[in-house]
Amino acid sequence: MMVDSTLAQVGKNLSDAMRILEDGQSGQDVTTILHLVHNLIHEEEEKEDKPSQHRMQNVGEQGHMALLGHSLAAYISVLDRERLRKLTTRILSDTTLWLCRLFRYENGSAYFHEDNRDGLVKVCRLVINARYEEYASEGYAVLSSKQPVIYQSASSRPGLGQHLCSQLGLPLSSLCTVPCNTIFGSQHQMDVALLDKLIKEDVEAGKLPLLLIANAGTPGAGHTDKLGRLKDLCDQYSMWLHVEGVNLATLVLGQVPSAIMAATRSDSMTLTPGQWLGLPAVTAVTLYRHEDPALSLAAGLTSSQPVEKLRALPLWLSLQYLGHNGIVQKIRQATALVEDEHSSPVVLFKFSQEMSAGKGLTLGEQLARLVPSSGVEVVELEDEGTCVRFSPLLTAAVLGTQQEDVEDLVEKLMELVPVMSSTMCLRQDFREETHRHAASLRYIEELSWPGLGAVRYQPQTEGVDENRRKQELEKINTELLKKLQELDTDIVFSTGPEFGTEEDCIFVGMVTEDVDVPELVDTIAALGRDIEESGRLLENMTEVVRKGILEAELQLQKANEEKLMEEGVLRQLPLVGSVLNWFSPVQSSIKGRTFNLAAGTVYCVYIQYIHVYVYVFITMQCPAEKPALLKPLQQR
């Protein structure tokens, strides 16, 4: 019965957990527990016997301050209620004041949250409470009179609008996705004129425009919406403007582009200082402006519970450690890694349209592996397709990216692009050469594979049942892959994508323009034939050995019977035979047996019985040595 690997792993983890619980009924010491945690973290590395290739966060001293904050929060939470209230109020007010000054957001309040979408959810609740006066007492029934509408850009985070509707209990019809520009401006900016038209249509339909989500750095391309015009439009229709995006980090710099500065006029904005400053396990922050504390409390933006205010403690410690100059320096260093010509510290690049999407994926994976500190990653954009993105504001502080890493990235990019281009040019030649060997090779169509192509060696299996045929196919292609990987060449041969649909195939990686494709295909076919013929020879030899042993056993049995007739029954008795042999010795020769493996012929030689049995043992246990072992017997 087939069992899903994930379910099997869950079952194993559950069994391990129960074993630990049963073994540790009397408790375990700290060293043992820490050792267990270490093993869990590095479990995969130890299985593969190689260091992890995953990018690890560069945890500096400011990172240690953030981690210390979590431990202090646990300690502070056990203080007496009055001291806890005073301390948490101070921590929350200090952190809010510092963030508002850093990001030029005057008279703002702050909400600290683990899920970076949670601040927007709470803001939506605040706006609903503010726009529907009876909402606190009547609940969702008041929304039926005028359906609220939330507007978002087509370039917003995937699933963000659906998450809002789910958390707020609103139907998806309350979500309006505004297309981006198609003619003028960036294709990743919200179309303001079209938004105005959509709002007017909703008002005429008796709906209530509630909130607009704008981007200061779209998740994919890092472009910024026309925030100034959007704010004017929101004021016109009494809508709430919420802004999010990586470019908000640049508000701390001395010179800020006007397109980003317009974000300070918004009603709320979500910040992720942990990513921008390289602070592990630090919460996101939503800054907002609202004058009614009762509505903020009802929306969940404020809390009377002191423990919840301790979420700000790690950031409170980290901001003090870095100081204003340290924070500005980190943001400036990240933006300096990109030659910013369009007020967007994000770089996207991709191959031309005639090249496959798999190429962009491979390029991104190769660059991430060769220059892990660069932080490059693969993104899927609706219009552009698969692209490689370099966004230092999101990764530089976390990975410790330096200018040298960017130079190394450019160098590796210049090396990889020609190889990938030549591979694309030679793919058709590889396909044609494979078809030329159609008797033994089959070309496998795998559009997602960015390498030269994929083939499968097809052995001659006429008259063989299906199970045996599959076994032969798997065995030969596995051995062929091993032989190809042993060749002295820069070409990479593999089993293909991890989640590929094709099995028992050989995937050929990227190649340079000077590779001889016909010779490469001839080599694959020749090695496959050698493996197939060797396998058949071994099968034939095995059958010959089996028949030879059976024939030898029959002749040995016949020889024993002849011996019995020649010497008589009395000589076979232990005591009597010894006496008779002493008085009257018998001169009798014993015929031994051996056979030729190639011809399958049994030969007769005069040797002792012990030699025959040794020979039979050797042929059964050491088939690879049969020819060398038989030769001395045949010569004798």
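1. Helix H19 (residues 466-485) lies across E12, E13 and E14, and its direction runs at about 130° to E12. Helices here are DSSP runs of H or I of at least four residues and strands are E runs of at least two, numbered from the N terminus; axes are lines fitted to C-alpha atoms, for helices over the stretch in contact, with angles from 0 to 180 degrees between N-to-C directions.

2. The model is a predicted one, in which local features need pLDDT of at least 70 and side-chain atom pairs count only at pLDDT 80 or more, while totals for chains, interfaces and linings use all residues. Residues are numbered from 1 along each chain as its sequence is written, and side-chain values use heavy atoms, with hydrogens and water left out.

3. The sheet is open, with four strands in the order E11-E12-E14-E13 and antiparallel pairing, where two strands pair if DSSP finds at least two bridges between them. Its edges are strand E11 (441-444) and strand E13 (493-494), each of which pairs on one side only.

4. Helix H18 (residues 403-436) also packs on this sheet, where it touches E11, E12 and strand E14 (506-508), and its direction makes about 150° with that of E11; contact means heavy atoms within 4.5 Å.

5. Between E11 and strand E12 (residues 453-457) there are four bridges in the antiparallel sense, and Ile444 stands opposite Ala454 in E12.

6. Elsewhere, the axes of helix H9 (residues 192-204) and helix H10 (residues 227-236) come within 11 Å and cross at roughly 15°.
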